[in-house]
Amino acid sequence: MNDNENVTARPKDDFEHYARALKVLAHPQRLRIIAFLAQHTRAPVHKIQVALALSQSSVSMHLAQLRQMGLISTRRQGRESWYEIANPCCLNILNCMRTPS
């Protein structure tokens, strides 16, 4: 959406999607996963799990929610699933949070 676009002209469904995406991002562990993937480009579940000191089931649950919203994507490499940022807009949101006001 550019600065000149009329916000009220956007379909209501767009804003509902934005709200769902923000709700998914509004969890500290999911933000940590996004930040980790931003630094490492892509990684398998076990690498994310070890780096963030989370259980495998917790990481898998958070990855599934991020993937369902289209924020990350997965690729199979051999027996492992590798995750990467699919929608760089989530990085913009994270960077806005990091910027001091």
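Begin by selecting helix α2 (residues 28–40) and helix α5 (residues 89–98): in this predicted model, their axes come within 10 Å and cross at roughly 105 degrees. Angles of 65 to 115 degrees count as roughly perpendicular, so α2 is described as roughly perpendicular to α5.

Now show the side chains where these helices touch. From α2, pick L31, I34, A35 and A38; from α5, pick C90, L91, L94 and R98. What kinds of residues make up the contact of α2 with α5? Seven are nonpolar, none is polar and one is charged.

Next stop: the sheet. Look for three strands in the order β1-β3-β2, forming an open sheet with antiparallel pairing. Which strands stand at the edges? They are β1 (42–44) and β2 (72–77); each has a single partner strand, so one side of each is left without a neighbour in the sheet.

Zoom in on β2 and strand β3 (residues 80–85), which pair in the antiparallel sense over six bridges. Click on I72, and opposite I72 you will find I85 in β3.

Select helix α3 (residues 45–52), which lies across β1 and β3 and runs at about 95 degrees to β1. Then select helix α4 (residues 56–68): this helix lies across β2 and β3, at about 115 degrees to β2.

Note on methods: Residues numbered from 1 in each chain as written. Predicted model: local features only at pLDDT ≥ 70, side-chain atom pairs only at ≥ 80, totals over all residues. Heavy atoms only, no water. Axes fitted to C-alpha atoms, helices over the stretch in contact; angles between N-to-C directions. Helix = DSSP H or I, 4+ residues; strand = E, 2+ residues; numbered from the N terminus. Parallel < 35°, antiparallel > 145°, perpendicular 65-115°, else oblique. Contact = heavy atoms within 4.5 Å. Nonpolar A, V, L, I, M, F, W, Y, C, P; charged D, E, K, R; others polar. Pairing = 2+ DSSP bridges.
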